[in-house]
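Hi,

Here is the structure I promised to pass on. Have a look at it first, and then read my notes below.

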Amino acid sequence: MAEHKILYLSQADVVAVGLSMAEIIDAVETAFRAKGEGRTEMPPKPGVHPGGGNNFIHAMPAYIPDLQSAGVKWVSGFPENYKRGLPYITGLLILNDTATGLPVAVMDCVWITAKRTGAASAIAGRRLARPESSVMGMLGCGVQGVSHAEAFKTLFPIRTIKAYDANTAMAERYAADISARLGVEVLPVKTPREAVSGCDIVVTAGPILKLPHATIQPGWLDEGAFASLVDYDSYWSREALAEAAKFCTDDVPQLRLYQSMGYFQNIPPIHADLGELVVGKKKGRENARERLMTANLGLAIDDMAVAPLLYRRAQEKGIGAWLPL
């Protein structure tokens, strides 16, 4: 075989490519439209759990013919990494040529994971939140807190974000960063309830736990509000979840797999997946008073929607290192 090279993109390279959140949202929405019309291939993600507890390393393969994209993300989440000064989420993504199967790129997946997760929540919000939503509650002020603020500000007239984190210093840093970056008012709050009640959009993004700490209680989420459960159902009591008029997810088979592993016990019936909402097979918001929720698990099609954009743009800009295979 003639020498074949792959493009390696470090985390700094991926950031330097400069994709906008609007571009990411468009790409991820294209993937969900294809999913809703049955044109994607994405098996439920297998994983291993070194050290037990809530640690995971998952393989996430997907194929999106509409975007000529195929590949796999190998991603880990270790909640105790902060004690070592390490990030919670780490991993790599391999992008393959859909005509030959040859790998064409290997790239850090941390930035991709952050941005596409926020994008998927905002895409769900397009169908489930009130269009005029302007007050957002953010519980968890880490990487996902940043990307979700960016994504919802891209699609909604967000003017205020109420930010809660168990680490109050992190919430204060988040407030200073996001207010400067997005030009919105960001208010650090002292209790979780302050970041839920009085908000049009609520995002929970703490560590993913098999046994929910169930902090959020019934009555906290206002009528008419939309909640995105990025940490699965870790933040929510069963009674609070039961208030949802419609409970959605990004992929039902994946959620059922996680239920078999001990997550998502006693949740409400699933109304729709995000692909069904995007193509209109299932209805989203039908009135201004519904409390609506989605528990997006994070799908391989999200990643494979963004990876080809990064690959092409990196080549155009001369970013990355070419390595022999």
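Thr98 is in contact (heavy atoms within 4.5 Å) with Tyr63, Gln68, Ser69 and Ala70, leaving aside its neighbours within four places in sequence. You'll find Thr98 in the loop between E5 and E6; helices (H or I, at least four residues) and strands (E, at least two) are DSSP runs, numbered from the N terminus. Thr98 is partly exposed, with a relative accessible area of 37%. On that scale, buried means under 20%, exposed over 50%, and partly exposed in between, with a 1.4 Å probe and protein chains only. If you want a distance across the model, the C-alpha atoms of Thr98 and Lys190 are separated by 50 Å, and the two residues are 92 apart along the chain.

Before you go further, a word on what this is: a predicted model, where local features need pLDDT of at least 70 and side-chain atom pairs count only at pLDDT 80 or more, while totals for chains, interfaces and linings use all residues. Residues are numbered from 1 along each chain as its sequence is written, and side-chain values use heavy atoms, with hydrogens and water left out.

Now the strands around that loop. E5 (residues 89-96) runs antiparallel to E4 (residues 69-77), joined to E4 by eight bridges; two strands pair if DSSP finds at least two bridges between them. Val72 has Ile94 in E5 as its bridge partner. On to E6 (residues 103-108), which is also antiparallel to E5, with five bridges between them. There, Asn96 stands opposite Pro103. Six residues lie between the strands of this E5-E6 hairpin, and Gly101 in the hairpin takes a positive phi near 85°.

E6 also pairs with E1, this time parallel, through three bridges, and Leu7 stands opposite Ala105 in E6. E1 (residues 5-9) has E15 (residues 321-324) as an antiparallel partner as well, with four bridges.

Next, helix H3 (residues 110-128). Of its 19 residues, 18 are buried. Its length works out too: at 1.5 Å a residue, the helix should span 27 Å, and its end C-alpha atoms are 27 Å apart (the expected span is 1.5 Å times one less than the number of residues). The side chain of Thr113 makes a polar contact with the side chain of Lys73, at 2.8 Å. By polar contact I mean a pair of N or O atoms within 3.5 Å; within protein, one must be able to donate a hydrogen and the other to accept it, and residues adjacent in sequence count only if both atoms are side-chain atoms. Neighbours within four places in sequence aside, Thr113 is in contact with Lys73, Ile89, Gln144 and Asp303.

Last stop, helix H7 (residues 252-260). Which residues of H7 are buried? They are Gln254, Leu255 and Tyr258. They cover an arc of only 100° around the axis, so they sit on the same side of H7; the arc is that of the directions from the helix axis to the C-beta atoms. Their cover includes strands E3 (56-64), E12 (246-249) and E13 (270-273). At the start of H7, a side-chain oxygen of Asp251 comes to within 3.0 Å of the backbone nitrogen of Gln254. After H7 comes Gly262, with a positive phi near 110°.

Cheers
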